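Please look over the model below before reading on.

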Amino acid sequence: MKRYFAAAILFTLFTSQAGARPYRDLFPNRTDFTDAEKPLLEKLDFQQGVIKLPDAKATLNVPADFYYLSPADAMTVLVDIWGNRRTAAEGTMGMIFPAKYAPTDIEAWGSTVEYSADGYVSDADAATTNYDELLQNIKDSIRENNVEREKQGFPKITLVGWASAPHYDTSAHAMHWARDLMFGDDTKPQHTLNYSVRVLGREGVFQFNFIAGLDQLKEIEGVIPTVTKLVQFDKGKAYTDYVEGDKIAAYGMAGMIAAGAGAKIAAKVGLLAIALAVFKKAGILVVVVAGAVLRFAKGLFNRDKTPTA
């Protein structure tokens, strides 16, 4: 009996890590990794295939042209490789990356994976929202909140405009949009891409928040159709499984886009209660546009060190 029990444990451990690969397997032809990069990459398990995320009641089906890193490995990337504060990198369900880049590559980009169990988000306003008006409201709110940001020692944020206007994919029940952001007062500030994808479920919203440069917009736009289909909700938890009486989110599509842009805009789109909860948790009124990780400052390997928290 003990032998069978031990074998069962070994089988469970093996199958749970079956999709994990060391970096040498994922990048077999790469010979350019430096002595500084190798020990960091050796810490990571690069996973593909079926990734179970019980807290989101969903599965990620990661194809061969992507890889997934666990929350612990994502922390290693965000903090040890990209140079962020540990607190700014907490709370993710991991990250996804295109398989052609290692996290240490200068041109690497990826997306945090998160889930918000706020309830069923109605998509009724997806086709009727004036997104240009919404953009202007968010710009005004960010401008007002920059005063508090600068008091806290953070650079001001300028929302230049939509890098990609909000678009709702009705077949995937996914909203995606991108902002063109700038930080600080430099005469030639670096433009930052904030690309967000939200996949709707019966009980909440699956969130992908891309960390990239504006010059990578076209590359990311090319993978969005794949990303919106990575998520498979558990049986009975998909968006189309909604039944009357389910919990309804306190916001619609416009509110989802504006979330975290400030109490003023949040109130306009029916999100004041959520915004105030975020602000209370943070202790100060700060801008975290659309509740997303804006762009993690990449400190190591000549990365941009601009703080975004």
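1. Two strands pair if DSSP finds at least two bridges between them. Strands (E, at least two residues) and helices (H or I, at least four) are DSSP runs, numbered from the N terminus.

2. This is a predicted model, where local features need pLDDT of at least 70, side-chain atom pairs count only at pLDDT 80 or more, and totals for chains, interfaces and linings use all residues. Residues are numbered from 1 along each chain as its sequence is written, and side-chain values use heavy atoms, with hydrogens and water left out.

3. Start with strand S3 (residues 49-53) and strand S4 (residues 58-62). They pair in the antiparallel sense over five bridges. Ile51 has Leu60 in S4 as its bridge partner. Four residues lie between S3 and S4 in this hairpin. In the turn, Lys57 has a positive phi of about 50 degrees.

4. S4 and S12 pair over three bridges, in the antiparallel sense. Here Leu60 stands opposite Val231.

5. Which order do the three strands take in the open sheet? The order is S3-S4-S12, with antiparallel pairing. S3 and S12 (231-233) stand at the edges, each with a single partner strand, so one side of each is left without a neighbour in the sheet. Neighbouring strands are turned by 25 degrees against each other on average, direction ignored (axes are lines fitted to C-alpha atoms, for helices over the stretch in contact; angles run from 0 to 180 degrees between N-to-C directions).

6. Last, an annotation. UniProt places a "coiled-coil region" at residues 124-151, in an unreviewed entry. UniProt positions use the numbering used here, feature names are shortened, and annotations may be inferred rather than shown by experiment. In the model, residues 124-151 are 75% helix and 0% strand. The end C-alpha atoms of this span lie 39 Å apart.
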